[in-house]
Each structure stands twice: as C-alpha cells, then as structure tokens.
Amino acid sequence: MAEANKRNIPIKLGDFSVIDTEFSSIRERFDSEMRKMEEEMAKFRHELMNREANFFESTSSTTNSALPSRVPKQQNYVSDISSPLIQDEGDNKVLKLRFDVSQYAPEEIVVKTVDQKLLVHAKHEEKSDTKSVYREYNREFLLPKGVNPESIRSSLSKDGVLTVDAPLPALTAGETLIPIAHK
C-alpha cells in the first residue's frame, strides 16, 4: 500500500460519557425507528400495488410503443436513507461509528484510514511473573465513496466508547427514467 494513502486520525479525549448521553432514551429511539420502518413498508406495499395495477393497465392498452407518460416518475430514496449510523448535523449528513474499546488505554488505540477503509486497532499486553494478558481489537469499515479522510474526527469518552465521525459528501440526484419498448 502506498504511504500517500495512509492517514492517522488523532483521538480527542473527552470528559463525557456516551452511555449517559446516547443511551438514555434508547427505547424511545427504537420505537421511533420501528414506527418509521413500518410506515416505510406500508408506503412501499401501497406503491407496489399501484405499480402492479398500472403495469397491467398499461400493458393491456399498449402494443409496440414505449411506456406511457402517465407512469409516475421514480423517486430518489437515496436522500431519505435512514440509518442509525447516519445522523444529520445541520444541512450535512455524518457517518457516526462507535466502538467499545473500554478494555484499552487511550495510548493503545490507533484510528487510521488506508485508501477508503477506516481501521480501528487496539492492543494490550500485560506480563508479570504469574500471568500474561494479551488482548487485541481490530475493526475495518469500508467508507462510502467520496468521504474525505482529512475530515474524519474521533473522540474517546471516559467510559471507553470511541466515536468516529465522517462527514458524508452531498448526494446528487442523477436519476433517469428509461422507457421500455414492448415488442
């Protein structure tokens, strides 16, 4: 791997607890996400049923022509992606990853990017006359296309949760409806 594509990401130590701030309302957030998912599935089912009805209606009324113009334009769902890993910060979306590294000291943790991969590595070794302890933590995450490695930030809470924030590039709507010719 070329050295030009590697970048170590500094870890900012904080006097905050992710457990206190992030997980205090986990049940409410879970219920909210479930409601959103159920609404999305109902919307998808309704849209699918309408498309089937429109398909059978349009195929019976057309012979060798392209799809009629009354077929609704496809929506761009990319901008509506809802994931617990993606959060809104102002007008921008940020990929927010969390790693439990509570068994490691801050100096034992390394966060870096190599090409389009985020690597989190932690290693702990402890030796005494009576025992030997060795722990290693490795996580690899493929970053979405267009994420700038220079903009990635990480912080470590006092309870050992490493948070990595990667601002996502703005999404462009490159949608084109292609008619289907029936023969």
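Biologist: Buried means under 20% relative accessible area, exposed over 50% and partly exposed in between, with a 1.4 Å probe and protein chains only. On that scale, is Lys96 buried or exposed?

Modeller: Lys96 is buried, because its relative accessible area is 12%.

Biologist: Before I go on, what am I looking at?

Modeller: A predicted model, in which local features need pLDDT of at least 70 and side-chain atom pairs count only at pLDDT 80 or more, while totals for chains, interfaces and linings use all residues. Residues are numbered from 1 along each chain as its sequence is written, and side-chain values use heavy atoms, with hydrogens and water left out.

Biologist: Fine. Back to Lys96: which residue does its side chain meet in a salt bridge?

Modeller: Asp165, at 3.2 Å from N to O. Lys96 is in strand β4 (residues 92-100) and Asp165 is in strand β9 (residues 161-167), so the pair ties together parts 69 residues apart in sequence.

Biologist: What cut-off are you using for a salt bridge?

Modeller: A side-chain nitrogen of Lys or Arg has to be within 4 Å of a carboxyl oxygen of Asp or Glu.

Biologist: And how many in the whole structure?

Modeller: The search finds five salt bridges. One of them joins the side chains of Glu150 and Arg7, at 3.4 Å from N to O. That pair links distant parts of the chain, 143 residues apart: Glu150 is in the loop between β7 (132-142) and β8 (153-156), and Arg7 is in strand β1 (residues 6-9).

Biologist: Is Arg7 buried or exposed?

Modeller: Buried, because its relative accessibility is 17%.

Biologist: What else does Arg7 contact?

Modeller: Take contact as heavy atoms within 4.5 Å. Leaving aside neighbours within four places in sequence, Arg7 is in contact with Val111, Lys112, Thr113, Pro149, Glu150, Ile152 and Arg153.

Biologist: Zoom out. What's the element order?

Modeller: From the N terminus on, β-β-α-α-β-β-β-β-β-β-β. The protein has two helices and nine strands. Both come from DSSP runs, numbered from the N terminus: helices are H or I with at least four residues, strands are E with at least two.

Biologist: What share of residues is buried?

Modeller: 21% of the 183 residues. The accessible surface comes to about 13500 Å², and 54% of it belongs to carbon and sulfur atoms. Those areas come from the Shrake-Rupley method with a 1.4 Å probe; for residues, only the protein chains shown count as cover.

Biologist: Helix α2 next. Which residues make the nonpolar surface patch?

Modeller: Phe30, Met34, Met37, Met41, Phe44 and Leu48, giving about 580 Å². Patch residues have over 30% relative accessible area and no salt bridge; nonpolar side chains (Val, Leu, Ile, Met, Phe, Trp, Tyr) are joined within 5 Å, like charges within 9 Å. Met41 lies in helix α2 (residues 26-61). It counts as partly exposed because its relative accessibility is 43%.

Biologist: Last one. Which arginines lie over tyrosine faces?

Modeller: Arg135 lies over Tyr104, at 5.8 Å from the ring centre. Arg139 lies over Tyr137, at 4.4 Å. The test is NZ of Lys or CZ of Arg within 6 Å of the ring centre and within 35 degrees of the ring normal.
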